[in-house]
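Please read them with the structure open.

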Amino acid sequence: MPHFTPPGGAALDDLGVRLHDGAATLRVWSQNASSVELVTFDETDLDWVTEEVPLERKPGGVWEVTTPLLQPGTRYALRVGGPHGPGNTFNPETLLLDPYARGLAQGDGYEEWRSVVIEDGFDWGGVAKPRVPLEQTVVYETHLKGATKRHPDVPPALHGAYAGLAHPAMIEHFHRIGVTSIELLPVHAFVSEPRLLERGLTNYWGYNTLNFFTPHTAYATEESRKQGPEAVLAEFKGMVKLLHEAGLEVILDVVYNHTSEEGIGGPRSSLRGIDNASYYRQQPDGAYIDTTGVGNTLNTAMDAGARLVLDSLRYWAQEMQIDGFRFDLAAALGRDAAHTFSREHPLLLAIRNDPALKDVKLIAEPWDVGMGGWQTGSFPDGWHEWNDRYRDRVRNFWLSDIDYARRASAPVGIGGFATRLAGSSNTFSKERGPLASVNFVTAHDGFTLHDLVTYDVKHNEANGEDNRDGADTNRSFNHGVEGPTGDPAVMAARRKAMRNLLGTLLLSAGIPMLTAGDESGRSQGGNNNAYAQDSALTWLSWEREPWQEDLLEHVAALTRLRRENAALRPSRYARRDVHTPNASVMEWYNQDGEMMADAQWTDPGSRTLQYVAASTPVDEPINRILLTVHGVEAPADITLPTSIEGATTFISVWSSADEQPALEHVEFAPGDVVPTPGTSMRLFQVR
């Protein structure tokens with residue numbers, strides 16, 4: 001393997017504090033500074049300065065000091081001076097956080113933060129990362145606090161805490177629904193925006209990072225918070241260790257595209273005071289180039305910015321044993337010096353090629369809000385991407401198309417839906433294959449699954465922005481009544497729509513991502529942008545009605561079927577007349593059991609499909625499945641194909657038409673006619 005050189009090379013090695021020989025060396029990068037000073041504080045009074053020590057400038061823009069003042073637990077800050085002029089915002093009186101600080105302590109004010117020296121040390125007890133194969137991965141996106149805040153079997157002291165997420169009650173739930181990889185909304189230290197605090201709200205989701213190396217203190221138990229940053233770090237690592245012991249991976253949603261310093265005039269907590277001109281994208285006159293929509297964009301075209309991201313990833317992957325990362329607004333990280341996205345961006349390639357990140361799952365949210373920001377399908381080999389094309393097509397097929405058909409007729413045929421079901425080969429190259437696609441129907445932002453089938457429009461009044469925030473286009477369908485209803489027919493249609501969406505998600509080729517609470521039909525009352533709602537609206541409820549238990553059992557059945565049937569989870573695209581290992585050879589039949597004609601793919605009157613997939617595994621038994629998809633509300637008779645080579649029996653193993661997963665598996669023969677309810681799916685094993 002070629003030698004790997006990180007951005008900036010050796011000149012940017014060992015930034016931050018390194019303890020050694022009873023002292024410590026602090027290294028800080030600032031190309032434009034004229035002075036950098038270390039300031040230490042009393043442990044109990046963060047306003048009481050105990051020492052001030054200047055740093056010496058070294059080659060490559062690095063400032064350095066070695067001093068016995070920095071010991072485990074020392075509270076410290078930086079003061080940085082420099083020239084005035086466009087792009088520079090130096091103020092030698094401002095106390096700044098070390099960007100590489102491993103611990104934080106907060107004083108009384110909003111900006112009263114201090115860095116803390118941490119002596120990393122934790123007994124992992126030989127527990128290794130689970131290393132779940134990509135084709136077996138089922139991602140579960142959840143909020144650290146919201147997952148356990150109301151769980152009756154998690155002790156109150158652990159509610160909403162790192163330790164709570166790894167409680168046996170949570171592990172039992174994860175195993176029950178068959179997920180393999182827990183993706184946490186941001187847990188890097190973050191703060192709420194002043195504008196939210198002024199309205200009596202907080203940033204619940206956490207996409208407002210204060211520091212890239214420190215776990216969010218508020219998610220630790222009260223006991224750990226009292227003991228200090230070392231205990232917070234130990235609790236986080238303890239959570240990871242317990243989840244790994246249970247065979248569960250931990251993936252972090254990371255926000256490297258911007259920081260909590262907002263636009264010019266916003267808080268000055270770290271990078272802005274250290275070297276604003278270098279760390280943030282801006283015009284020659286100092287005006288920020290904002291491709292993130294929150295005021296600033298980290299400049300990863302500069303070595304220092306790119307290295308900050310890479311060093312943070314290394315720390316979390318190695319010291320914290322994290323299994324993967326989901327990169328928020330990842331297109332912003334791949335913009336070059338001209339602020340244009342490039343799939344060959346040095347940082348994107350470095351993240352993929354760094355030996356320290358070997359086998360780490362890399363998931364991009366492949367867009368930002370800048371010009372040319374939508375980049376789904378454009379990331380380098382080795383990256384996986386949230387597939388918004390999948391989301392939109394699946395929602396259209398089961399929801400907005402049905403809504404439209406009630407007033408006229410279905411607007412499109414089944415071809416686009418089939419492409420997504422089979423792994424989105426029109427979006428991802430054959431080299432990347434179907435596992436480049438992270439399939440999702442919902443995520444933390446947008447409607448929950450329940451609300452997707454219950455509301456036509458958003459209801460975000462609680463956010464205090466007069467319902468202006470949040471997406472207006474949701475591809476949702478309320479099935480005839482806006483919001484809650486007691487109408488049995490509407491409620492039944494909504495439940496079946498949820499099963500269709502979940503069935504599609506968990507039976508599609510690609511990596512499925514399930515949003516926490518969707519397994520039991522959680523509602524947010526139609527709020528599709530609940531980023532500032534830290535309340536029962538967003539916390540998971542563990543009290544379930546019978547229909548919610550039924551839905552959860554459907555999810556458990558679907559993930560089990562996905563595990564048992566290799567044909568549902570190919571890692572490569574099959575090629576016509578060429579044997580491709582670990583692919584699924586696909587055949588497509590119409591309602592009458594005949595091969596699909598070209599015209600039927602785009603015919604709005606032909607929305608019934610039979611999909612046959614045969615696996616070509618290397619280390620699993622050969623497997624075949626048949627999935628019927630019926631995309632209109634009128635029932636239909638589907639004739640099972642007679643031309644599938646060697647097929648003698650079709651065993652029905654799951655149907656979205658069932659309120660509860662069927663315990664008995666009915667067998668059919670080729671040519672049998674299967675009565676099929678409107679808007680439903682059915683999975684068969686082919687023998």
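1. Two residues are in contact when heavy atoms of theirs lie within 4.5 Å. The model is predicted. Leaving aside its neighbours within four places in sequence, F325 is in contact with I251, L252, V254, L313, W316, A317, V360, K361, L362 and I363.

2. F325 also belongs to the largest nonpolar core, which has 151 residues. The members that touch the most other members are L26, L165, F236, M239, L252, F325 and F327. Helix α8, residues 303-318, gives the most to this core, namely 9 residues.

3. Another core lies apart from the largest one and has 12 residues. I251, W386, F440 and M513 are among them. I251 of this other core is one of the contacts of F325.

4. The C-alpha trace spans about 85 × 55 × 50 Å along the principal axes.

5. The secondary structure comes to 15 helices and 27 strands. Among contacts in the protein with a separation of 6 or more, 70% are accounted for by residues 24 or more positions apart.

6. On burial and surface: 61% of the 687 residues count as buried. The protein exposes about 25,800 Å², with carbon and sulfur atoms supplying 50% of it.

7. On charge: there are 60 positive and 92 negative side chains. The centres of the two sets lie 4 Å apart.

Terms used
Residues are numbered from 1 along each chain as its sequence is written. This is a predicted model: local features need pLDDT of at least 70, side-chain atom pairs count only at pLDDT 80 or more; totals for chains, interfaces and linings use all residues. Side-chain values use heavy atoms; hydrogens and water are left out. Helices (H or I, at least four residues) and strands (E, at least two) are DSSP runs, numbered from the N terminus. Buried means under 20% relative accessible area, exposed over 50%, partly exposed in between (1.4 Å probe, protein chains only). Accessible areas come from the Shrake-Rupley method with a 1.4 Å probe; for residues, only the protein chains shown count as cover. Lys and Arg count as positive and Asp and Glu as negative; His and the chain ends are not counted. The place of a charge is taken as NZ of Lys, CZ of Arg, CG of Asp or CD of Glu. A nonpolar core is a set of buried Ala, Val, Leu, Ile, Met, Phe, Trp, Tyr and Cys residues joined through side-chain atoms within 4.5 Å.
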